[in-house]
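This report goes through a structure by topic, from the whole chain down to single residues. Please look at the sequence and the structure before reading on.

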Amino acid sequence: MKTGGKTGDKLREWVRRYLPCEIAGTVGEFGGAAIAYLATGSLAAAAITATIGASGGYYAAAYVNALRWSYRDHHRRQWPSHVLMANLLALRSVAVEFGPAELIDSLAVRPVAFYVGPLIFHNTIAGWILAKLVSDLAFYLFAIVSYERFNGLLVRVQPRAEEVPGECVVAIEAA
């Protein structure tokens, strides 16, 4: 796997890419879990709802970001072809980058962690925090591998013409 630069640069790139999605997913995850648990008193219902809420929030943000980036690249085409192309590229990007990670996360890791975490700690909130950390670690291990391996298939923020990653560029103004 090609890393393409310093570790710090990669970490910043991943944080910029995933943080908005993570915030949206976390709101859906804990919000859904809390509502389901308060309504039913069931850790199983909370675990399932947390998983659905995490996915819904996360992928809503991921799709909107991918659509924005894709739309910028295809806005010069005639309507509706640019809208269709932007949507198709955004869908492909989200599926390639997150598909394997989501399967493992949603079918195994997250629901089990959200169910077992509170049982281990004998505390619902502490258990859910542990579940969140374990689930996210597993998810991002797979998502980042997909991101780095299949980078050419993904829509990404493209640097402006005057931006060069890791370089200082002096703008020269024509007189």
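What percentage of the 175 residues in the chain do buried residues make up?

## Overall make-up

Buried residues account for 37% of the chain, which has 175 residues. The model is a predicted one. The chain holds 4 helices and 0 strands, and its elements, read from the N terminus, follow the order α-α-α-α.

Among contacts in the chain with a separation of 6 or more, 74% are between residues 24 or more positions apart.

## Helix 1 and its bend

Helix 1 spans residues 7-40. At Tyr-18 helix 1 bends by about 40 degrees, and the proline Pro-20 follows within four residues. After helix 1 comes Gly-41, which has a positive phi near 70 degrees.

The buried residues of helix 1 include several charged ones: Lys-10, Glu-13, Arg-17, Glu-22 and Glu-29. Tyr-18, Cys-21, Gly-25, Gly-32, Ala-33 and Ala-36 are also buried in this helix. An α-helix has 3.6 residues a turn, so residues three or four places apart point the same way.

## Helix 3 and the residue after it

Helix 3 covers residues 81-121. Helix 3 also has a bend, about 55 degrees at Phe-98, with a proline, Pro-100, following within four residues.

His-122 follows helix 3 and belongs to the loop between helix 3 and helix 4. His-122 is not a glycine, yet its phi is positive, about 55 degrees. Is His-122 buried or exposed? With a relative accessible area of 74%, His-122 is exposed, because the cut-off for exposed is over 50%.

## Nonpolar cores

The largest nonpolar core has 19 residues. Those that touch the most other members are Tyr-18, Tyr-58, Tyr-59, Phe-98, Phe-139, Tyr-140 and Ala-143. Helix 1, helix 2, helix 3 and helix 4 each give two or more residues to this core. Tyr-18 and Phe-98 are also the residues at which helix 1 and helix 3 bend.

Which residues is Tyr-58 in contact with, leaving aside its neighbours within four places in sequence? They are Tyr-18, Cys-21, Glu-22, Ala-24, Gly-25, Phe-98, Phe-139 and Tyr-140.

## The largest cavity

How many cavities of 30 Å³ or more does a search of the whole structure find? The search finds 2.

At least two lining residues come from each of helix 1, helix 2, helix 3 and helix 4. Helix 2 gives the largest share, 5 residues. Sorted by class, this lining has 7 charged, 5 polar and 4 nonpolar residues.

## The second largest cavity

The volume of the second largest cavity is about 80 Å³. Its lining is made of Arg-17, Tyr-18, Cys-21, Ala-62, Asn-65, Ala-66, Trp-69, Ser-93, Val-94, Glu-97 and Phe-98. Two or more of these residues come from each of helix 1, helix 2 and helix 3. By class, 7 residues of the lining are nonpolar, 2 are polar and 2 are charged.

Phe-30 is part of helix 1. Why does Phe-30 count as partly exposed? Its relative accessible area is 26%, and partly exposed lies between under 20% for buried and over 50% for exposed. Beyond its neighbours within four places in sequence, Phe-30 is in contact with Phe-114, Trp-128, Ile-129 and Lys-132. Phe-30 and Ala-46 are 16 residues apart in sequence, and their C-alpha atoms are 9.0 Å apart in space.

Val-83 is located in helix 3. Val-83 is partly exposed too, because its relative accessibility is 30%. From Val-83 to Tyr-71 there are 12 residues in sequence and 6.9 Å in space, C-alpha to C-alpha.

Terms used. Residues are numbered from 1 along each chain as its sequence is written. This is a predicted model: local features need pLDDT of at least 70, side-chain atom pairs count only at pLDDT 80 or more; totals for chains, interfaces and linings use all residues. Side-chain values use heavy atoms; hydrogens and water are left out. On a 1 Å grid over the protein atoms alone, a cavity is a set of points where a 1.4 Å probe fits but cannot get out, and a pocket is an open set with protein on both sides within 12 Å along at least five of seven lines; lining residues have an atom within 4 Å of a point. Grid points are joined across faces, edges and corners, and a volume is the space filled by probe spheres set on the points. A nonpolar core is a set of buried Ala, Val, Leu, Ile, Met, Phe, Trp, Tyr and Cys residues joined through side-chain atoms within 4.5 Å. Buried means under 20% relative accessible area, exposed over 50%, partly exposed in between (1.4 Å probe, protein chains only). Contact means heavy atoms within 4.5 Å. The bend at a residue is the angle between axes fitted to the seven residues ending there and the seven starting there.
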